[in-house]
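Hello,

Here is the structure I promised to send over. Please open it beside this message, and I will walk you through what turned up.

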Amino acid sequence: MSVRPNARPVGQKPPFWRDRAKRALIFQLLLVAAVAAFLLYIVGNAQANLEARGITTGFGFLTNTAGFGIVQTLVDYSSQSTYGRTFLVGLLNTLLVGALGVLAATIIGFTVGIARLSPNWLLARLANAYIETFRNIPLLLQIFFWYFAVLRTLPSARDSLAFGEVLFLNVRGLYLPQPLFESGFGIIPAAFIVAIVVSIALMVWNKRRHEATGKRFPAGWIALALILGLPLLGLVATGVPVTWNVPELRGFNFRGGVTVIPEFLALWLALSIYTASFIAEIVRSGIQAIPHGQTEAAQALSLPQKLVLRLVIIPQALRVIIPPLTSQYLNLIKNSSLATAIGYPDLVSVFAGTTLNQTGQAIEVIAMTMAVYLTISLLVSMFMNWFNARVALVER
């Protein structure tokens with residue numbers, strides 16, 4: 001038996017340069033110090049350059065007059081409004097196209113994804129052609145297609161396409177009737193809210209009753225009738241306190257009504273159709289992830305195919321669908337910044353573009369724009385994670 005002369009006695013602590021945990025801590029502290037020094041350097045360098053160019057820092061520029069107009073605004077705005085108002089207009093326009101794009105992409109994506117698995121040969125091939133076509137064409141090219149090849153080739157205002165003498169479509173956009181609410185209209189939204197609350201209570205009661213007795217109640221149809229019927233009943237009871245401002249051609253353009261600009265239509269169509277092709281594949285893969293025995297068991301109970309899909313397949317497939325679906329929602333909102341290419345006045349165009357060029361407040365403008373997109377992404381992720389937890393199967 002041999003003994004190493006330099007062997008360390010049991011229980012004696014090694015020097016700190018041989019302790020792996022202490023070495024890792026030292027390296028981490030050095031890394032943090034290096035990052036902090038780099039940040040201090042770039043901040044000092046930026047301040048020196050800003051002072052050399054006479055650019056003041058801070059957010060005081062938000063109270064200055066913008067001096068330029070915006071073609072689409074959801075709130076009151078004019079060229080005499082402030083840059084802060086410009087930020088609000090751009091934010092609302094981004095939220096509008098993002099929300100409507102998510103809604104349309106979800107409906108189209110689920111429809112095409114289910115049609116992709118249809119036993120009907122023609123329907124399945126058409127769904128497959130849709131997916132392979134729009135998924136493999138760059139989004140920016142699709143935006144240009146809808147804007148320059150479709151909407152910019154529409155007839156002029158005098159030769160507008162008329163739909164029932166209330167809807168008009170031409171190269172300047174889509175003109176819709178504008179509702180004008182009179183006194184007494186407040187009962188309609190109140191009836192709508194009451195109908196939603198009663199419908200939610202009815203759905204919860206029906207779910208508990210089904211779990212306890214196994215009996216089903218047509219709560220969905222009753223809830224739909226309540227949501228549509230109760231506001232309609234209030235509308236009739238109050239004497240229809242709504243008039244319509246129908247657009248009318250006067251001179252060289254339409255007056256009155258609501259105008260949907262072609263930039264918005266092109267961006268919304270491209271975002272919806274492009275993202276729906278990815279959602280359709282997510283839905284298809286989610287449905288195919290469900291074991292076929294689930295479908296066979298449901299069919300053995302003589303359930304109609306639509307009930308098998310709605311009550312057995314889709315609820316289980318949602319566990320697979322929701323995580324990648326969240327990613328597609330975030331991509332759609334992020335891709336809405338391509339609106340700058342066709343002049344849609346979103347946040348990037350009017351705030352990170354025009355406002356930045358006029359004020360020179362690059363750091364503040366870009367920081368606010370990044371904070372907006374970060375906040376929207378975090379809120380969407382939080383909601384989808386909550387919804388994913390709600391639809392997850394609970395083991396008993």
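Predicted model: local features only at pLDDT ≥ 70, side-chain atom pairs only at ≥ 80, totals over all residues.

M370 sits in helix α11, residues 362–391.

Residues are numbered from 1 along each chain as its sequence is written, and side-chain values use heavy atoms, leaving out hydrogens and water.

Now the overall picture. The chain has 11 helices and 8 strands; these are DSSP runs numbered from the N terminus, with helices being H or I of at least four residues and strands E of at least two. Its C-alpha trace spans about 100 × 75 × 45 Å along the principal axes. Of the 396 residues in the chain, 34% are buried.

What lies inside? The largest nonpolar core has 71 residues, and L267 and F351 touch the most other members. Such a core is a set of buried Ala, Val, Leu, Ile, Met, Phe, Trp, Tyr and Cys residues joined through side-chain atoms within 4.5 Å. Helix α7 gives the largest share of this core, 14 residues. Leaving aside neighbours within four places in sequence, L267 is in contact (heavy atoms within 4.5 Å) with V97, I143, S336, A339, I342 and Y344.

There is also a sheet to look at. It is open and antiparallel, with 4 strands in the order β1-β2-β3-β8; two strands pair if DSSP finds at least two bridges between them. The edge strands, β1 (161–163) and β8 (258–260), each pair on one side only. How many bridges join β3 to β8? There are 3, and β3 covers residues 173–176. Across that pairing, Y175 stands opposite T259 in β8.

That is the tour; do write back with any questions.

Best wishes

How values were computed. Buried < 20%, exposed > 50% of the residue type's maximum accessible area, 1.4 Å probe, protein only.
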